[in-house]
Amino acid sequence: MTHLISHQPSNILIPKDKSMPPALRRLRRTAIATTLLGLLGTGAALAHGADAGVQVEVVGAPSWSLSPVYHILMAHFPVALWMAAYLFILIRCLSDSQFAVRLQKAIWPLAALGTLAGFVTYGLGLTIYPWSAITESPLGRNHIMLATWTLSYWTVMSVLGYRFRRHLFDGAQRWITLALATVGATVITITGTLGGSLGGTPSLVTKSLSWIGWNVYNTFYLPSWMLAVYGAGAIALIAIGIVGRRRV
């Protein structure tokens with residue numbers, strides 16, 4: 001009697017689905033990660049809601065406002081992601097090792113995720129107090145101003161950083177990248193400490209700002225001529241970019 005024994009390979013290679021473009025696959029992964037972050041923040045907020053943990057009530061808040069707990073908990077996500085991106089930039093600028101080069105690939109995804117989480121956090125923050133009330137407080141105005149600066153700055157950093165990611169750490173350009181990232185980390189720190197001061201928990205950073213002449217409990221004003229300088233500088237930068245692009 002003859003026995004037929006069929007051998008099947010134990011490792012069957014299943015081809016990857018190449019029908020989806022790489023950009024779409026990256027977008028899908030980013031969307032999934034952002035959704036998970038949002039669900040995690042929502043779960044944490046519910047766990048510390050009115051029936052468990054911290055109880056926070058804003059007197060005089062409109063009926064459509066949300067508890068400050070949602071904003072406070074969600075704010076940790078963009079801060080953590082942006083500061084992690086800054087740490088990776090710092091390591092990459094100081095080292096050309098294989099480990100640092102690998103970290104470089106994670107910088108801009110972290111910055112982009114932080115920006116997405118930042119928009120959610122910013123929106124939640126605007127639902128806590130009535131606009132007429134928060135804008136009457138100098139500290140509230142300062143917090144909104146710094147939050148707007150931070151979100152705008154890191155949005156631009158994420159877009160430009162990803163677009164020119166191959167050249168940001170070449171030669172002297174790495175120090176410019178580090179300087180810009182340091183500015184971003186600084187505004188994150190100030191925004192966070194202003195939020196803590198607004199909630200009644202000032203930090204050492206709040207006191208440190210007074211050492212350089214900025215009392216966060218007073219309104220921060222710019223002279224009108226400085227606004228004109230900012231506008232002229234923005235126009236000059238746009239013009240330089242257009243001229244430089246035509247010459248390339």
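Helices (H or I, at least four residues) and strands (E, at least two) are taken here as DSSP runs, numbered from the N terminus. On that basis the protein chain has 9 helices and 0 strands, and its pattern along the sequence reads α-α-α-α-α-α-α-α-α. The model is predicted, so local features need pLDDT of at least 70 and side-chain atom pairs count only at pLDDT 80 or more, while totals for chains, interfaces and linings use all residues. Residues are numbered from 1 along each chain as its sequence is written, and side-chain values use heavy atoms, with hydrogens and water left out.

Two values describe the chain as a whole. Of the 248 residues in the protein chain, 29% are buried; buried means under 20% relative accessible area, exposed means over 50%, and partly exposed covers what lies in between (1.4 Å probe, protein chains only). Contact means heavy atoms within 4.5 Å. Among contacts in the protein chain between residues at least 6 apart in sequence, 74% join residues at least 24 apart.

Helix α3 spans residues 76–94 and helix α7 residues 173–198; their axes come within 10 Å and cross at roughly 155 degrees. Axes are lines fitted to C-alpha atoms, for helices over the stretch in contact, and angles run from 0 to 180 degrees between N-to-C directions. The crossing angle makes α3 roughly antiparallel to α7, because angles over 145 degrees count as roughly antiparallel, those under 35 as roughly parallel, 65 to 115 as roughly perpendicular and the rest as oblique. In passing α7, α3 makes a left-handed crossing; a crossing is left-handed if the near helix is turned anticlockwise from the far one by less than a right angle, and right-handed if clockwise.

On the α3 side, the contact is made by Val79, Trp82, Met83, Tyr86, Ile89, Leu90, Arg92, Cys93 and Leu94, and on the α7 side by Arg174, Trp175, Thr177, Leu178, Ala181, Thr182, Ala185 and Ile188. The residues of this contact of α3 with α7 divide into 13 nonpolar, 2 polar and 2 charged. In this scheme Ala, Val, Leu, Ile, Met, Phe, Trp, Tyr, Cys and Pro count as nonpolar, Asp, Glu, Lys and Arg as charged, and the others, Gly among them, as polar.

Arg92 and Arg174 also take part in salt bridges, each with Asp96. Side chains of opposite charge can pair when their charged atoms come close. The rule used here asks for a side-chain nitrogen of Lys or Arg within 4 Å of a carboxyl oxygen of Asp or Glu, and by this rule the count comes to 2 salt bridges. In the salt bridge of Asp96 with Arg92, the closest N and O atoms are 2.8 Å apart. In the salt bridge of Asp96 with Arg174, the closest N and O atoms are 2.8 Å apart. Asp96 lies in the loop between α3 and α4 (98–125) and Arg174 in helix α7, so the pair ties together parts that are 78 residues apart in sequence. Through shared partners, the salt bridges join Arg92, Asp96 and Arg174 into one network. Asp96 is exposed, with a relative accessible area of 53%. Arg92 is buried at 9%, and Arg174 is buried at 12%.

The second pair is α4 and α6. Helix α6 covers residues 138–163, and α4 and α6 pack at an angle of about 150 degrees with their axes 9 Å apart. The two helices are therefore roughly antiparallel to each other, and α4 passes α6 in a left-handed crossing. From α4, Trp108, Ala111, Ala112, Thr115, Gly118, Phe119 and Tyr122 meet Ile144, Ala147, Thr148, Leu151, Trp154, Thr155, Met157, Ser158, Gly161 and Tyr162 in α6. The residues of the contact of α4 with α6 divide into 11 nonpolar, 6 polar and no charged.

Ser158, in helix α6, counts as buried at 9% relative accessibility. Not counting residues up to four places away in sequence, Ser158 touches Ala111, Ala112 and Thr115.

Gly114 has its place in helix α4 and is buried, with a relative accessible area of 0%. Leaving aside neighbours within four places in sequence, Gly114 is in contact with Pro78, Leu81 and Trp82. Gly114 and Trp154 are 40 residues apart in sequence and 8.3 Å apart in space, C-alpha to C-alpha.

Thr121 also lies in helix α4 and counts as buried at 6% relative accessibility. With residues up to four places away in sequence not counted, Thr121 touches His71, Met74, Ala75 and Pro78.
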